[in-house]
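Subject: Structure for you to look at

Hello,

Here is the structure I said I would pass on. Please open it first, then read the notes below with it on your screen.

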Amino acid sequence: IAVLQKGQMAHPGQREPLPSLAAALNELAGEKNAQRPLPPVRFWSEGQRISFHQRDYQIVYKLGEGGIGTTFKVVEIDRSTQEELGIYVAKVIHPRDENESSRILRAYRLAKSHLRHASLSLIHEVASEWQENSFAALMTWISGVPLADYTGVFALLAEDQQAPSTEALALRWLTVVCTALEVLHRNGLLHGDVSPRNLIVEGDSLVLTDYDFVHRIKEPAPGPGTLLYQSPSYQQGQPAGCSDDLYALAASFFHVAF
């Protein structure tokens with residue numbers, strides 16, 4: 001009764017949060033660590049709580065879904081105070097087999113410590129192993145929209161950015177992303193999936209994200225990434241080099257601009 005009374009206060013702000021009440025009732029029932037199994041990822045929606053690396057995250061909404069995985073905007077929730085601590089992008093992967101799950105987790109681990117550039121989205125956490133209905137990685141939240149959304153209207157974007165010309169904006173962002181890629185290349189890594197969908201316009205900046213296909217230079221390509229923007233040699237699975245990332249970047253901008 002004492003536990004339930006904490007949730008019956010007249011003023012809503014004084015009521016104990018539901019997760020705390022549930023935990024207290026579970027403890028009384030001798031199930032202190034009991035947790036309800038999560039629903040499949042396809043049923044995750046606003047408000048769903050996910051535990052990852054001893055922290056709790058709440059789904060805000062789904063950002064997108066592809067052949068390899070699904071991304072969500074999530075907010076970290078303090079378990080004791082229910083305070084919102086920060087916003088992130090959570091990546092859930094849907095591997096076709098165990099080898100693919102291991103490859104993608106390796107890609108995020110390879111990239112994690114080398115993302116020292118303002119135009120590279122940071123990776124905060126990577127799962128130690130793949131689990132169904134759980135996060136594979138947690139990345140920086142970027143408040144923006146994919147460059148792909150400006151396909152065919154890049155000139156209007158240049159006006160909105162108050163750039164001297166369409167060419168000036170393209171050259172500025174191409175230079176910035178090239179320097180970001182150079183950070184990866186200098187550390188022996190390739191992004192492997194540069195595309196308009198993975199380039200995020202945030203204010204007057206352009207940020208590269210999504211590290212599903214990161215691998216070491218000269219290793220065979222793990223996959224074609226976004227096929228439309230990949231070089232012929234990359235599509236053929238030949239040992240990859242820095243020029244393959246630059247080809248994909250050039251093809252991305254050509255598609256968006258023209």
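Two strands count as paired if DSSP finds at least two bridges between them. With that in mind, isoleucine 123 stands opposite methionine 139 in strand E6. Please keep in mind throughout that this is a predicted model.

Strands

Strand E6 covers residues 137-140 and strand E5 covers 123-126. E5 and E6 run antiparallel to each other, with three bridges between them. E6 also pairs with E4, again in the antiparallel sense, this time over four bridges. In that pairing, tyrosine 88 is found opposite threonine 140 of E6.

Helix H3

H3 runs from residue 98 to residue 112, which makes 15 residues. From the first C-alpha to the last, H3 reaches 21 Å, close to the 21 Å expected at 1.5 Å a residue. Which residues of H3 are buried? They are Glu100, Ser101, Arg103, Ile104, Leu105, Ala107, Tyr108, Leu110 and Ala111. What covers the buried residues of H3 includes the strands E4, E5, E6, E8 and E11.

Salt bridges

How many salt bridges are there? The count comes to nine. Three of them are described here, starting with the one between glutamate 125 and arginine 55, where N and O are 3.4 Å apart. Glutamate 125 belongs to strand E5 and arginine 55 to strand E2, so this pair ties together parts that are 70 residues apart in sequence. Arginine 55 has a relative accessible area of 35%, so it counts as partly exposed.

Aspartate 212 forms a salt bridge with lysine 91, and the closest N and O atoms are 2.9 Å apart. Here too the pair links distant parts of the chain: aspartate 212 is in the loop between E10 and E11, lysine 91 is in E4, and they are 121 residues apart. Are these two residues buried or exposed? Both aspartate 212 and lysine 91 are buried.

Glutamate 219 and arginine 106 meet through their side chains in a salt bridge of 3.0 Å, N to O. Because glutamate 219 lies in the loop between E11 and helix H6 while arginine 106 is in H3, the pair ties together parts 113 residues apart in sequence. Glutamate 219 is partly exposed, at 24% relative accessibility. Arginine 106 is partly exposed as well, with a relative accessible area of 32%. Separately, salt bridges that share partners join Arg55, Glu76 and Glu125 into one network.

In soluble globular proteins, nonpolar side chains tend to be buried together. The largest nonpolar core in this model has 58 residues, and Phe135 and Leu147 touch the most other members. Helix H5 (residues 166-186) gives the largest share of this core, eight residues. What does leucine 147 touch, leaving out residues up to four places away in sequence? Its contacts are Phe154, Leu157, Trp173, Pro196, Leu199, Val201, Leu206, Phe253 and Val256.

Histidine 185

Why is histidine 185 called buried? Its relative accessible area is 13%, and buried means under 20%. Leaving aside neighbours within four places in sequence, histidine 185 is in contact with Leu190, Ile217, Cys242 and Asp245.

Regards

Notes
Residues numbered from 1 in each chain as written. Predicted model: local features only at pLDDT ≥ 70, side-chain atom pairs only at ≥ 80, totals over all residues. Heavy atoms only, no water. Helix = DSSP H or I, 4+ residues; strand = E, 2+ residues; numbered from the N terminus. Expected span 1.5 Å × (residues − 1). Buried < 20%, exposed > 50% of the residue type's maximum accessible area, 1.4 Å probe, protein only. Contact = heavy atoms within 4.5 Å. Salt bridge = Lys/Arg side-chain N within 4 Å of Asp/Glu carboxyl O. Core = buried A, V, L, I, M, F, W, Y, C linked by side-chain atoms within 4.5 Å.
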